[in-house]
Amino acid sequence: VVVRQASPSSVHDLKKVGAGRAKSIIIINEENADDGDEAASDLEAIKALLALRRVNGALVKNHAVVEIADSEKRAVIEQLGAGGVEVVAMAETLSRMMVQTARQNGLAAVYRDLLTYEGSEFYFKNFPELTGKPFGDAQWKMKDAVVCGVRNASGTILNPPDDLVLGDKDELLVIAEDDDSFSLTASHTPEIPSDFRGADPVQRKPERMLVCGKSPKLADMLNEFDNYVLPGSEAWLMPGEDDEFVAGLKGLGFKNLKLKFVPGDPTSPEALKTALAAEFAVAMVVADSEADAEEADAKTVITVLLLRDLFKPLGDKKPRIISEILDPRTKDLLETDYGADFVVSAEMTSMLLAQVSEVDVGGVGGEQA
């Protein structure tokens, strides 16, 4: 690891560190720019891209990943990158991960496992011998890997139809232990048991979620949750005594979701008891990323521990608890057999940026080729 102190928007400094010869470039969002102003932090990323355009080889011979705060600037930054830039709107991504984890128990561990460099990861690989053959054939010929998509001239397609014909330059997206641990040497043949009748459909019903704490990403989380639930579903919000924050949420409109505000501090046992009048599928504890990380995590830990005690008498009917942690070290304080999931914001951000930066230089995970 070589560290240099300079300006990422200076063409001279970028040339000095060999930006044109780098395998990949990661432009990290400066959270503290202008006291956390999103426009200012994204402006720094745009200035860095403009400087990289004037460095020979940069954005052409390598792959750049840009982290932004405002997802609406994605199109502008992609245009500036002229096809050599991958844009990650981290706040939006983390919001989706929180909601997905809230709806499926254990998903946080799955995300973490796929994004780390241990175990299996995603890889792209081209197999010329599959040219002209349907995607369904590749699934059964693959040994020691799971085929889950295709990357072609139009982009990456997850779970494509079995009859999709593969081209000579198409790459398969697989989950494997390493980039050289899988091959087309398997001889599987699909066999459906004669008595197989499929799964019984489950009747869906409106859902109710408890959200404790406040977060600048909460509006995005609620919008994402609204996309999955049936009309009549409810989100009971307990952000604490912050009238301005509550007023902003009251102005949001949803197609399926209704908001109910619960007064009181989520770190108060008495205040939390008032939220037990309803039956929840999940309780989500969000972290205020605009506050000090230690203080925000301390509030999260207190709320999670209180919820565990309150839900304990409910037995098998107790809601799942999903919590957002800013400092990865705090997660160890909450490890338990309760079955709670954790989405560690800083950890997920770092792992995701590192994995995406490898997408064109060896795969979406694992060591470089």
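Reader: Which residue in strand 3 is the bridge partner of I68?

Author: This is a predicted model. Strand 2 covers residues 63–68 and pairs with strand 3 in the parallel sense over five bridges. In strand 3, the residue bridged to I68 is A89.

Reader: Which strands are the edge strands of this sheet?

Author: The open sheet is formed by three strands in the order 1-2-3, with parallel pairing. An edge strand here pairs on one side only. That applies to strand 1 (24–27) and strand 3 (85–89).

Reader: What angle does helix 12 make with strand 2?

Author: Helix 4 (residues 90–103) packs on the sheet, touching strand 2 and strand 3, and its direction makes about 55° with that of strand 3. Helix 12 (residues 345–357) also packs on the sheet and touches strand 1, strand 2 and strand 3. The angle between the directions of helix 12 and strand 2 is about 155°.

Reader: Why are the buried residues of helix 8 on the same side?

Author: Within helix 8 (residues 243–250), the buried residues are F245, V246 and L249. They lie on the same side of helix 8 because the arc they cover around the axis is only 95°.

Reader: Which exposed residues does the opposite face of helix 8 carry?

Author: The buried residues of helix 8 pack against helix 7 (218–226), strand 9 (233–238) and strand 10 (257–261). The face turned away from the buried side of helix 8 carries the exposed residues D243, E244 and K250.

How values were computed:
Residues are numbered from 1 along each chain as its sequence is written. This is a predicted model: local features need pLDDT of at least 70, side-chain atom pairs count only at pLDDT 80 or more; totals for chains, interfaces and linings use all residues. Side-chain values use heavy atoms; hydrogens and water are left out. Two strands pair if DSSP finds at least two bridges between them. Helices (H or I, at least four residues) and strands (E, at least two) are DSSP runs, numbered from the N terminus. Contact means heavy atoms within 4.5 Å. Axes are lines fitted to C-alpha atoms, for helices over the stretch in contact, and angles run from 0 to 180 degrees between N-to-C directions. Buried means under 20% relative accessible area, exposed over 50%, partly exposed in between (1.4 Å probe, protein chains only). The arc is that of the directions from the helix axis to the C-beta atoms.
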